[in-house]
Protein chains: 2
Amino acid sequence: MHVADAPHLRVLRLLRDEGPVSRAELGDRLELTRPRLLAEVERLVAAGLIAEAGMAASRGGRRSTLVELDPRLRFAAVDLGASSIDIEVTNGRLEPVATYRETADIRSGPRTILQRVNELLHKARTDGAYEKLDAVGIGVPGPVSFRDGVPVSPPIMPGWDRYPVRELLAREHGCPAVVDNDVNIMAIGERHGGVAHSVDDFLFVKIGTGIGCGIHLGGTVYRGVDGCAGDIGHIQVDANGPVCSCGNTGCLEALFSGSALARDAIAAARSGESPALAERLAAALAAEESREDRGDDEREPVISITARDVADGAAEGDVTCIRLIREGGRRVGGVLATLVSFSNPSMIVIGGGLALLGHVLLAEIRSVVYRRSLPLATGNLPVVLSELGSRAGVTGAAVLASDTAFEQAS
Amino acid sequence: MHVADAPHLRVLRLLRDEGPVSRAELGDRLELTRPRLLAEVERLVAAGLIAEAGMAASRGGRRSTLVELDPRLRFAAVDLGASSIDIEVTNGRLEPVATYRETADIRSGPRTILQRVNELLHKARTDGAYEKLDAVGIGVPGPVSFRDGVPVSPPIMPGWDRYPVRELLAREHGCPAVVDNDVNIMAIGERHGGVAHSVDDFLFVKIGTGIGCGIHLGGTVYRGVDGCAGDIGHIQVDANGPVCSCGNTGCLEALFSGSALARDAIAAARSGESPALAERLAAALAAEESREDRGDDEREPVISITARDVADGAAEGDVTCIRLIREGGRRVGGVLATLVSFSNPSMIVIGGGLALLGHVLLAEIRSVVYRRSLPLATGNLPVVLSELGSRAGVTGAAVLASDTAFEQAS
């Protein structure tokens, strides 16, 4: 049996999600008696979490004072990808006041990556984004023990296993910190400010370099016993399929993911099967040669054909590009049909880099899910694209950071 | 955020699960202050839920009075299968005081079946099993809206869609009633008194006439948005497989389930591929003929070869019987590997009629799950057989009934 959250949490979350509210409305909305509410507000003002914000418009009687989250509240939201660092410093309402994005290889190890995160956050302070952080939330591309605040056996993150990420960030910035899996924070972000707004039971499927699934059940993220729930990229979908980076054959992400799609697209370009891709590959190689001629050594690794090229080729009507997207959608749809029969969610959100493949991908996923799952489970099941796109992760990290700060204020 | 259950619920559940306890121990165990505990106990005695039960052994100081659930408490637990009615009337500790089991075709419709349930329960009263029921719990073989207490579009239960099962039982017996899916109650039963005792996150896989999965997450049953979570029998495992009763091809339960196994076993007997099964089929047909000769018309439908025969054949070393079991285990294992990667549970329990295939089945399921799921998710994952067997369902129905009665006592 679940009991409602503590009053201070409900006050803080309402002000975070809806902005300034009068004391009178706050009492009504949260069904708190006036003395109880006033005591909570007084305590939260003293704790530096909320502040007065002028008078509300009259509701007929005496005008009520508006309260809002303290304007000095600041949360740091960090989204580590396989090859990127995304940071937002936000105010109490989770609006970004500073944004940083750069490439970084997660395989450089935790010291290098976290040092760079700290440098960027200290730069944000120098830039005037904050005086003091109230909490840091960070997402990493691998399984996490949420309770311990450490990555656990993350396959693509050598050196990070049980590295004390939460503890080091908390110590460095003198505030609470919280660590979660990157797909979980994307799901949380999409629920806070995206297409899954206020949906309690949904799956967020990230199709990027790899494939993962954030599971939101009964209003909270379900992380599993070892923190690896939702790790659907290595589900076997074809016993005769290609060998996966994990060593098994025919895993979902060996058949469809950013890297699998690039592999298949390059093959289709080389064989001449796809004129659109052949043209793009030729252009990419020419650019690469002129770059080498100029002697540019320090450059990012070149991926000669990307999902963007396949999407553009499909938009131009290139049959092979359309086929690659549809085959991928069919693979993802087959796994999702299974997960829908199993978990009976009320929405599926498709996000990550390959969401740019858009409605060709979505149509194929929908077609398989609707045909192969239980009719009862798909009767009212929307399958939709992420609204937040690349901001889903930092948004979710900011939500987690604020929740952590609010919980510790009790 | 979850807050602990109300004190009265914790008192009642502890007495249900552990028997008489002294007031002093109760206060210690539930971390309730003495005045708070005494007030709860007094209230629950007045409500007729608990009673005094003599003096406890001395703990050094003054002897404390034992309290126990009122000995007159009675719960009715009903497990409806596709072709059976199982009923237990239990005392407060969920020990059976009366048991009834008979065949009945769920397709006879809700009026006929519920009338028979009511007749059996009234017979139990006449037999002296109870004076008054405190709650009725019932499981049905199909999806259920737990909130509304009605079956929802149940495929094998014509006439039951949204039939007011909970309301009619509650009215008939003058007590609260609760309706759930049959696999969910088996999972609840196994967690109360079986192999999953006190395990919070586990999957209970029932392999019987069909296949279903009870999902226990974070200590409670997860039922999904439409009440059909865990309906894994119609997951497609072979696009070229046999046509299923649902109209799709290659569903898990079209390849392996009680009916699929009987179909394959009869084929292997007829073709002579399996001497052990051919022998059993001949014996079954001879028995059938002599029965017809005697003119026995009113008889149960004869299933000439059953899972029991296949299990016996395998025990005798019949290669085809072993192959049938192993192929089935491989199919189930493949689906479970997917569900383990997705949900990262801490245990998998195999139950239902086909659990009698025992360790040959279990070994094959384990082999596939351990090979194909994420290593992190299978590191500490036991895959085990149900301990309660055919009593899992009524046990879980009794747990649900008692929880419902206890919750309404607030």
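## Strand 5 of chain B

Both faces of strand 5 of chain B are covered in this predicted model, with B:Ser84, B:Asp86, B:Glu88 and B:Thr90 buried on one side and B:Ile85, B:Ile87 and B:Val89 buried on the other. Buried here means under 20% relative accessible area, exposed means over 50%, and partly exposed is in between, with a 1.4 Å probe and protein chains only. The strand spans residues 84-90, and seven of its seven residues are buried. Strands (E, at least two residues) and helices (H or I, at least four residues) are DSSP runs numbered from the N terminus.

On one flank, six bridges join strand 5 of chain B to strand 4 (residues 75-80) of chain B in an antiparallel arrangement, and two strands are said to pair if DSSP finds at least two bridges between them. B:Ala76 stands opposite B:Val89 in this pairing, and the two strands form a hairpin with three residues between them. Strand 5 of chain B is also joined by seven bridges to strand 6 (residues 96-103) of chain B, again antiparallel, with B:Glu88 opposite B:Thr99. The hairpin of strands 5 and 6 of chain B has five residues between the strands, and B:Leu94 takes a positive phi near 70° in it.

## The sheet in chain A

In chain A, five strands form an open sheet of mixed pairing, in the order 6-5-4-7-10. Strand 6 (96-103) and strand 10 (177-181) of chain A stand at the edges with a single partner strand each, so one side of each is left without a neighbour in the sheet. Neighbouring strands of this sheet are turned by 10° against each other on average, direction ignored. Within the sheet, strand 4 (residues 75-80) and strand 5 (residues 84-90) of chain A run antiparallel and are joined by six bridges, and A:Val78 stands opposite A:Ile87.

Two helices of chain A lie across these strands. Helix 6 (residues 182-193) lies across strand 4, strand 7 (135-140) and strand 10 of chain A, at about 100° to strand 10, whereas helix 14 (residues 392-407) lies across strands 4, 5, 7 and 10 of chain A, at about 135° to strand 4. These angles run from 0 to 180 degrees between N-to-C directions, and the axes are lines fitted to C-alpha atoms, for helices over the stretch in contact, where contact means heavy atoms within 4.5 Å.

B:Gly193 belongs to helix 6 (residues 182-193) of chain B and, at 41% relative accessibility, counts as partly exposed. Leaving aside neighbours within four places in sequence, B:Gly193 is in contact with B:Glu387 and B:Leu388.

## Cysteines

B:Cys246 is partly exposed at 40% relative accessibility, while A:Cys321 is buried at 0%.

## Basis of the model

Residues are numbered from 1 along each chain as its sequence is written, and chains are lettered from A and ligands numbered from 1 in the order in which they are written. In this predicted model local features need pLDDT of at least 70 and side-chain atom pairs count only at pLDDT 80 or more, while totals for chains, interfaces and linings use all residues, and side-chain values use heavy atoms, with hydrogens and water left out.
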